Amino acid sequence: MEEIKREPVTALLILLNTLIFLIVEFTGGSENGQHMLECGAVYAPLIIEQGQWYRMITSMFLHFGAPHLINNMLVLFVLGQRLEPVTGKMKFLLIYILGGLGGNLISLIWDMRTGNYSLSAGASGAVFAVMVVFNIGPEVIISADTGATIVDLCGTLFCIVVAFSFILF
């Protein structure tokens, strides 16, 4: 409960991603490509040819399977609870949303350049933006309770995520 008060945006984003995942899972499956497309996943031809730009945002809250969601939310939880108090609620939300949009834009440009269109979804772009700011921005901040720097914590998190990925996949 303490985390919700200290890091409300992080908690809200995790809750929102999880609720949307459960809704998608129970209405047709998060690993069903057609259903994910209907729910708002990114697909370049629909965005470019039909102007469905909303997909650039909706896809940030969709995940292909539980491991995809768990990995993204684990990273968001660990980094968010350290970064949000430093950046503030609005800046943290802005980092997350702009990172997600940026990741989707890069993916869209890549698909358009190669002509190989793929269905994409997930919070990875948003989470990577949080990672980047976590590593580059407030890297000199010291945690009062552990004495570990943010960079130390990120290295530890990276090892946890890699290990978790091998276990799930």
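Modeller: A residue is exposed at over 50% relative accessible area, buried at under 20% and partly exposed in between, with a 1.4 Å probe and protein chains only. The model is predicted, so local features need pLDDT of at least 70 and side-chain atom pairs pLDDT 80 or more, while totals for chains, interfaces and linings use all residues. Residues are numbered from 1 along each chain as its sequence is written, and side-chain values use heavy atoms, leaving out hydrogens and water.

Biologist: How wide an arc do the buried residues of H2 cover around the axis?

Modeller: The buried residues of H2 are Val-9, Thr-10, Leu-13, Ile-14, Asn-17, Phe-21 and Val-24. They lie on the same side of H2, because the arc that they cover (taken from the directions from the helix axis to the C-beta atoms) is only 135 degrees.

Biologist: Which helices are included in what covers the buried residues of H2?

Modeller: Contact here means heavy atoms within 4.5 Å. The cover of the buried H2 residues includes helix H3 (33–39), helix H6 (66–87) and helix H7 (89–114).

Biologist: Is Phe-26 buried or exposed?

Modeller: Phe-26 belongs to helix H2, residues 8–27. Because its relative accessibility is 72%, Phe-26 counts as exposed.

Biologist: Which residue just after H2 takes a positive phi?

Modeller: Helix H2 runs over residues 8–27. Just after H2, a positive phi of about 100 degrees is taken by Gly-29.

Biologist: Which residue forms a salt bridge with Arg-6?

Modeller: A salt bridge is a side-chain nitrogen of Lys or Arg within 4 Å of a carboxyl oxygen of Asp or Glu, and the count by this rule is one. Arg-6 is partly exposed because its relative accessibility is 44%, whereas Glu-7 is buried because its value is 2%. The closest N and O atoms are 3.1 Å apart, and the partner of Arg-6 is Glu-7.

Biologist: Which residues does Asn-104 touch, not counting residues up to four places away in sequence?

Modeller: Asn-104 is part of helix H7. At 8% relative accessibility, Asn-104 counts as buried. With that sequence limit, Asn-104 touches Val-42, Arg-55, Met-56, Ser-59 and Met-60.

Notes. Helix = DSSP H or I, 4+ residues; strand = E, 2+ residues; numbered from the N terminus.
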